[in-house]
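Biologist: Can you put the model up? I have some questions to run through.

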Amino acid sequence: MWSSSPRLASPPRAAPTQLRTRCSDGPAAAEAVGGFSENLYRDGETDGLPEEAVLASLGCGNPLAVADLHEGERVLDLGSGGGIDVLLSARRVGPSGFAYGVDMTDEMLTLARANAARAGAKNVEFLKGEIEALPLPDASMNVVISNCVINLSTDKPAVLTEMFRVLVPGGRIGVTDVVAEDHLTPADRAAAGSYVGCIAGALSRTEYVAGLTAAGFTDASVTFTTEAAPGMLSAIIRAVKPVR
């Protein structure tokens with residue numbers, strides 16, 4: 001099922017300066033494509049994966065369920081952690097496709113690479129880097145996914161711009177993230193963050209759509225799923241890089 005693929009040339013990037021990890025706090029409710037839970041994946045979906053990858057997979061949704069991956073595609077996971085979404089993506093895109101993960105912590109990269117080796121995954125690669133400055137060339141990915149990581153960035157416009165840059169024309173994003181309802185002020189979001197971790201810096205729905213549009217995306221949408229705190233919800237974010 002797994003196969004190898006040539007490595008992509010990577011432009012030089014600045015060294016990481018912040019610690020970032022996946023958001024894992026919140027209610028135990030789970031849904032097929034959105035929710036705060038350890039049980040974010042459909043029955044049987046993680047069969048055959050190393051236990052270490054599954055145990056390290058806390059997030060706020062299942063981006064694979066909304067990304068609609070196809071055979072032969074190149075997919076990138078932002079903040080790939082222990083590697084579960086990269087390994088599952090590699091299964092979806094098959095031997096002719098390839099799955100990349102970017103993470104900025106040596107600990108997670110070591111774990112993810114070990115998990116890939118245990119799984120016998122050949123069409124995967126884990127790269128060290130920041131999601132605000134991705135270590136990948138322009139127009140190199142068909143799909144970008146992420147599981148509850150973008151809300152942790154202190155420079156979200158840079159993240160959205162980088163997603164746009166690395167996608168091929170016609171490429172798309174399928175992201176799960178924490179998003180605020182529009183009526184919440186930044187102070188409200190900070191207060192909510194004391195109840196459920198990792199959400200104080202979340203964008204509102206309008207801000208998210210506006211940011212994607214400013215980055216160049218079309219057909220941007222934010223669909224709320226499960227509530228994490230009053231006015232703060234896990235959400236599915238989709239958008240497309242237009243064919244010019």
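Biologist: Why is helix 5 largely enclosed by the rest of the structure?

Modeller: Because 9 of the 11 residues of helix 5 (residues 156-166) are buried. Buried means under 20% relative accessible area, exposed means over 50%, and partly exposed is in between, with a 1.4 Å probe and protein chains only. Helices (H or I, at least four residues) and strands (E, at least two) are DSSP runs numbered from the N terminus.

Biologist: Which residues of helix 5 are buried?

Modeller: Lys156, Ala158, Val159, Leu160, Glu162, Met163, Phe164, Arg165 and Val166.

Biologist: And what covers the buried residues of helix 5?

Modeller: The cover includes strand 3 (74-78), strand 6 (141-147), strand 7 (167-180) and helix 7 (205-215). Contact here means heavy atoms within 4.5 Å.

Biologist: Before we go on, what sort of model is this, and what pLDDT do local features need?

Modeller: This is a predicted model, where local features need pLDDT of at least 70, side-chain atom pairs count only at pLDDT 80 or more, and totals for chains, interfaces and linings use all residues. Residues are numbered from 1 along each chain as its sequence is written, and side-chain values use heavy atoms, with hydrogens and water left out.

Biologist: Where is confidence lowest and where is it highest?

Modeller: pLDDT is the predictor's confidence in each residue, from 0 to 100. In the chain, the lowest is strand 1 (residues 34-37), at a mean of 42, and the highest is helix 5, at 98. The chain mean is 79, and 72% of the residues reach 70 or more.

Biologist: Over which residues does pLDDT stay under 50?

Modeller: Residues 1-7 are one such stretch, with 20 contacts beyond four places in sequence in the model. Residues 9-22 also stay under 50, and the model has 44 such contacts for them.

Biologist: How many helices and strands are in the chain?

Modeller: The chain has 7 helices and 9 strands. Of its 244 residues, 55% are buried. Among contacts with a separation of 6 or more, 75% are between residues 24 or more positions apart.

Biologist: What does Ile173 touch?

Modeller: Leaving out residues up to four places away in sequence, Ile173 touches Val144, Met163, Leu167, Leu212, Phe217, Ile237, Arg238 and Ala239.

Biologist: Now strand 6. Why is it largely enclosed?

Modeller: Because 7 of the 7 residues of strand 6 are buried. Strand 6 runs parallel to strand 3, joined by 4 bridges. Leu76 stands opposite Val144 there. Strand 6 is also parallel to strand 7, over 6 bridges, and Asn147 has Thr176 as its bridge partner in strand 7. Two strands pair if DSSP finds at least two bridges between them.

Biologist: In what sense do strand 8 and strand 9 pair?

Modeller: Strand 8 (residues 218-229) and strand 9 pair in the antiparallel sense, over 7 bridges. Ser221 stands opposite Arg238 in strand 9. Their hairpin has 2 residues between the strands, and Gly231 takes a positive phi near 80°.

Biologist: Which residues other than glycine have a positive phi?

Modeller: Ala139, at about 50°, and Asp219, near 55°, are among them. Most residues other than glycine have a negative phi. Ala139 is in the loop between strand 5 (124-128) and strand 6, and is partly exposed at 37% relative accessibility. Asp219 is in strand 8 and is exposed at 63%.

Biologist: Last one: is Ser153 buried or exposed?

Modeller: Buried, with a relative accessible area of 2%. Ser153 is in the loop between strand 6 and helix 5. Its side chain makes a polar contact of 2.6 Å with that of Glu132. A polar contact is a pair of N or O atoms within 3.5 Å; within protein, one must be able to donate a hydrogen and the other to accept it, and residues adjacent in sequence count only if both atoms are side-chain atoms.
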